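Please take a look at the chain below. How do its helices sit against each other, and what lies between them?

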Amino acid sequence: MKTIEELKTRIQELSKQAVELRQKASEVYLTNQEQAKQFSQQAREASKCC
């Protein structure tokens, strides 16, 4: 079983990952909408895990 601190750390990691994926999606949207869609989906999954 994970400690509260480990869980908090994991939540922070997933939140950071979600933000980074959303930024990547925004950056590539105009040039590659399919990849942007994939980044957005990954960001949603990371957010759900939080």
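The model is predicted. Helix α1 spans 4-28 and helix α2 spans 33-49. Two packed helices are described by the angle between their axes and the distance between the axes. The table gives these values for α1 and α2.

| Helix pair | Angle between axes | Distance between axes |
|---|---|---|
| α1 and α2 | about 165° | 8 Å |

Angles over 145 degrees count as roughly antiparallel. The pair α1 and α2 is therefore roughly antiparallel. Their crossing is left-handed.

Which residues meet where α1 and α2 touch? From α1 come L14, Q17, A18, L21, R22, K24, A25 and V28. From α2 come Q33, Q35, A36, F39, S40, Q42, A43, A46, S47 and C49. By type, the residues of this contact are ten nonpolar, six polar and two charged.

Now the core. The largest nonpolar core has six residues: L21, A25, V28, A36, F39 and A43. Both helices build this core, as α1 and α2 each supply at least two of its residues. Take A25, one of the six. Beyond its neighbours within four places in sequence, A25 touches A36, F39 and S40.

Is E27 buried or exposed? E27 lies in helix α1. Its relative accessible area is 62%. Exposed means over 50%, so E27 is exposed. E27 and R10 are 17 residues apart along the chain. Their C-alpha atoms are separated by 26 Å.

Definitions and conventions: Residues numbered from 1 in each chain as written. Predicted model: local features only at pLDDT ≥ 70, side-chain atom pairs only at ≥ 80, totals over all residues. Heavy atoms only, no water. Core = buried A, V, L, I, M, F, W, Y, C linked by side-chain atoms within 4.5 Å. Buried < 20%, exposed > 50% of the residue type's maximum accessible area, 1.4 Å probe, protein only. Helix = DSSP H or I, 4+ residues; strand = E, 2+ residues; numbered from the N terminus. Contact = heavy atoms within 4.5 Å. Axes fitted to C-alpha atoms, helices over the stretch in contact; angles between N-to-C directions. Parallel < 35°, antiparallel > 145°, perpendicular 65-115°, else oblique. Left-handed = near helix turned anticlockwise from the far one by under 90°. Nonpolar A, V, L, I, M, F, W, Y, C, P; charged D, E, K, R; others polar.
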